[in-house]
Amino acid sequence: MTVHQNYSLKKLNTFGIDAAAKYFAELSSIEQFKELLSDKQYNTAAKLILGGGSNLLFTKNFDGIVLKNSLKGIELIKEDADSYYVKSAAGEVWHEFVMHCIQNNYAGLENLSLIPGCVGASPMQNIGAYGVEIKDSFYELEALNIHDHTIQNFTNSDCKFGYRESVFKRELKNQFIITSVTFKLNKTPNLNTSYGAIEQELEKMGIKELSIQAISKAVCNIRSSKLPNPTEIGNAGSFFKNPEVTKTKFETLKIEFPGIVGYELENGNVKLAAGWLIEQCGWKGKTFGDAGVHKLQALVLVNYANAKGNEIYDLSQKIMDSVKEKYGVELEREVNII
Ligand code: FAD
Ligand code: EPU
């Protein structure tokens, strides 16, 4: 294991921000993590666990040690009448793990195809797309306690999953390194095409018989047509969360803004489409130097070439201020600001 100094992170974050880490190490075993955490030179340093760097915005250099998680391995650990229990090491690439499950007919993750990043980050914000979140098939995870170096297990309820939320973003922030995640996947698929665009895409594809393979392909097609590919344009997916407002607030907004897009939630509140709010404030497709708002998806901020993290951050603040002023709605950043 080599610890590099003053290490460029430009190729390790999908925004393509040119930031550097004071120290950087890539770790491929739990023993290496423990060894590094016990090393006097680094044990008091600030730590950043890095997966695929697809949900981060570096606004400055990182004055500590970046630990790139490269733990590998996928294993079917048990099965019962209805389910397969599949364990993946944290450093596996999420989409490759989903493809492995689909090829083996382990059902449940197909709607989450093509989300960038690593398996270990998936519980951090309970990744979700097209009507499904990982909490729907999450079984348990193992994580290394940064302070006492013990491995702890977390069940679904321990993780306190919510919309783009978990205990690891709140109470236990920066306390654990997730080392593996186990999913409970179905033998008989419970196919979810509730998200309208999936039905339309399946029809376009001429699919006669629904399957997890067909849904995965449809989701990949929709995503590729809507979201910028980070290898071509720097971005971290949705920069903001879709905000939740009360039904009363929604009804009031609807009188003034009849086109407003919202989805009623089980708790009676309404989730607003932040992309719509941002577009209506006039931001869609705008550029400011190399920073900008994507032309097809106003929820995605982009780096066209050499934007600084601060420029993207300042743009996000201006967007938040204008949405607040026009609609009285607070946007919250989804991307982790470093
Ligand atoms: P990183 O960006 O490396 O890290 C994210 C956070 O998790 C950081 O705070 C990091 O310190 C922490 N972390 C990472 N790994 C570990 C670990 N092993 N242990 C402890 N902490 C860890 N997200 C969705 O939910 N739905 C989508 O549909 C979606 N679409 C996207 C589309 C695009 C084009 C892009 C660029 C991003 C999209 N995202 C989406 C966001 C992103 O892909 C997810 O949040 C993903 O899970 C991040 O994984 P990562 O490995 O890149 O995490
Ligand atoms: N819309 C606009 N203008 C825009 C963008 C969106 O008006 O520029 C409106 C449209 O009415 C559209 C609605 O917003 O119908 C919803 O848009 P879309 O289906 O593209 O979804 P989203 O709300 O923008 C969310 C997630 C994505 C996830 C997709 C699919 C959040 C913050 N984002 O995006 O997740 O892939 O749904 O389920 O919840 C991510 O978290 O990084 C991410 C990409």
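## Polar contacts between domains

A polar contact is a pair of N or O atoms within 3.5 Å; within protein, one of the two must be able to donate a hydrogen and the other to accept it. In this predicted model, the interface of domain 1 and domain 2 has two residue pairs in polar contact, both at pLDDT 80 or more. The count of salt bridges between domain 1 and domain 2 is zero.

The domain assignment divides the chain into domain 1 (4-69), domain 2 (74-186) and domain 3 (234-337). Taken over C-alpha atoms, the centres of domain 1 and domain 2 are 22 Å apart. Domain 1 gives 13 residues to the contact, and domain 2 gives 13 residues. Together, domain 1 and domain 2 bury about 1,100 Å² between them, with 71% of this area on carbon and sulfur atoms.

On the side of domain 1 that touches domain 2, at least two residues come from each of helix H1 (30-38), strand S3 (46-50) and strand S5 (62-69). H1 supplies the largest share, five residues. By class, this side of domain 1 has five nonpolar, six polar and two charged residues.

## Salt bridges across the sequence

Side chains of opposite charge can pair when their charged atoms come close. The whole structure has 16 salt bridges. One of them joins Lys22 and Asp63, whose closest N and O atoms are 3.9 Å apart. Lys22 is in strand S2 (residues 20-27) and Asp63 in strand S5, so this pair links distant parts of the chain, 41 residues apart. Lys22 is partly exposed, with a relative accessible area of 41%, while Asp63 counts as exposed at 59%.

Glu79 and Lys187 form another salt bridge, with the closest N and O atoms 2.6 Å apart. Glu79 belongs to strand S6 (residues 74-79), and Lys187 to the loop between strand S12 (176-186) and helix H3 (196-204); the pair is 108 residues apart. Glu79 is partly exposed at 47% relative accessibility, and Lys187 is partly exposed at 27%.

## A loop pair and a network

Glu171 forms a salt bridge with Lys160, the closest N and O atoms being 2.7 Å apart. Both residues lie in the loop between strand S11 (151-155) and S12, so the pair ties together parts that are 11 residues apart in sequence. Lys160 is exposed, because its relative accessible area of 51% is over the 50% cut-off.

A network of salt bridges links Glu165, Arg170, Lys241 and Glu332.

Terms used
Residues numbered from 1 in each chain as written. Chains lettered and ligands numbered in written order. Predicted model: local features only at pLDDT ≥ 70, side-chain atom pairs only at ≥ 80, totals over all residues. Heavy atoms only, no water. Domains from an automatic or database assignment. Contact = heavy atoms within 4.5 Å. Buried area = accessible area lost by both parts, 1.4 Å probe. Salt bridge = Lys/Arg side-chain N within 4 Å of Asp/Glu carboxyl O. Polar contact = N/O pair within 3.5 Å; in protein donor to acceptor, adjacent residues only side chain to side chain. Helix = DSSP H or I, 4+ residues; strand = E, 2+ residues; numbered from the N terminus. Nonpolar A, V, L, I, M, F, W, Y, C, P; charged D, E, K, R; others polar. Buried < 20%, exposed > 50% of the residue type's maximum accessible area, 1.4 Å probe, protein only.
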